[in-house]
Amino acid sequence: MIVLNFTVLPEEDGNQVKQILRARGVSVRITNQLKRVEGGMRLNNGAVARTIDPVRAGDVLTLRLPDDTEILEPMLFELEILYEDEHLLVVNKPPTMAMHPTRNLQGNSLANAVSGYMQGQGRPVVFRPVGRLDKGTSGVVVCALHAFAASKLNGKVQKTYVALVHGRYEGVGTFTNAIYRPKANCTLRACREEHAPLLPGDEMAVTHWEATSHNKEATSHNNSISCLKIWLETGRTHQIRAHFAHHGTPLLGDDYYGAPAREEPGHFLHCGQARLVHPVTNELLCVEAEMPAHMTSMVQTMNIN
């Protein structure tokens, strides 16, 4: 059971418990769940607290979050742990691993691996990734270990990616093409032209990029490979992959979006950094993950520096 303590600030004197919870980022869903837990909310480690009860400055409101019960099948897998405490688990996802089990892939996903790791720590938890990475994309995945952490972090993790793409890129730029699904039963995404009017089902998408290097031996745009740093304002499905494919420069190895197939795993996209404010301590965290071997090798082989 996770225990959270919130101290009432002087400016909150006289407020109701529900106002304190709202100010600390406790969602209505979690609040309703706590009402059904014996001793879920207590004031100063004493009487059970109701959401309508007033509090005084200096009071301590204690929440006891119940343990998770619906746990995925565990998988034994040696995860690369980047950060861990009782609230968060941050790992470096391999490019060959899917985030979740699917109809055709059961028991061999990051969700199963995290389930196995946490059960080995004596604490079974629900898999709560804050954002997701496609199969084929490697890098930092932030996993919230309880519902409060997941709620606080939703949409607030800033990620920086590294990508190798076909074509010559220099300087900095931004893609703002809207993204849509051309076929309802397919995960493939397509892009509208810049400034085209939005149609039903379209999603605005903003991708920023900065060229950091390219292969020096390339003689033209067509045989160039560029290394880019990428960060997003929106988190659409396949956003980076669709945007660069639309501009005629798909990610290396991304044959789903028109690039020549390669022997290496994945599509040369790596989430190298995640920045976030810790949901409980409010500490600023910056977690980094090294590129997988096939990307590092390509950078060295193509003399991209």
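Author: Start with the pocket. On a 1 Å grid over the protein atoms alone, a pocket is an open set of points with protein on both sides within 12 Å along at least five of seven lines. Lining residues have an atom within 4 Å of a point. A volume is the space filled by probe spheres set on the points, which are joined across faces, edges and corners.
This is a predicted model: local features need pLDDT of at least 70, side-chain atom pairs count only at pLDDT 80 or more, and totals for chains, interfaces and linings use all residues. Residues are numbered from 1 along each chain as its sequence is written, and side-chain values use heavy atoms, with hydrogens and water left out.

Reader: How much space lies in the second largest pocket?

Author: About 650 Å³. Its lining has 25 residues, and Ala-98, Thr-102, Arg-132, Lys-135 and Thr-187 are the closest to the centre. Sort the lining by class: Ala, Val, Leu, Ile, Met, Phe, Trp, Tyr, Cys and Pro count as nonpolar, Asp, Glu, Lys and Arg as charged, and the others, Gly among them, as polar. Here that gives six nonpolar, 10 polar and nine charged residues.

Reader: What is the volume of the largest pocket?

Author: About 770 Å³. Closest to its centre, of 33 lining residues, are Lys-159, Tyr-161, Leu-232, Thr-234 and Gly-235. The classes are 11 nonpolar, 13 polar and nine charged.

Reader: Which strand gives the most to the lining of the largest pocket?

Author: First, the elements. Helices (H or I, at least four residues) and strands (E, at least two) are DSSP runs, numbered from the N terminus. S8 gives the most, four residues. Elements that supply at least two each include S8 (158–166), helix H4 (147–153) and strand S13 (225–232).

Reader: Now helix H3. How many of its residues are buried?

Author: Buried means under 20% relative accessible area, exposed over 50%, partly exposed in between (1.4 Å probe, protein chains only). In H3 (residues 110–120), eight of 11 are buried. Among them are Leu-110, Val-114 and Met-118. The cover includes strands S5 (88–93) and S7 (137–144). Just after H3, Gly-122 has a positive phi of about 80°.

Reader: How many disulfides are found?

Author: A disulfide is a covalent bond between the sulfur atoms of two cysteines. The test is a pair of cysteine sulfur atoms within 2.5 Å. The whole structure has zero.

Key
Contact = heavy atoms within 4.5 Å. 1 Å grid on protein atoms, 1.4 Å probe; cavity = no way out; pocket = protein on both sides within 12 Å on 5 of 7 lines; lining within 4 Å.
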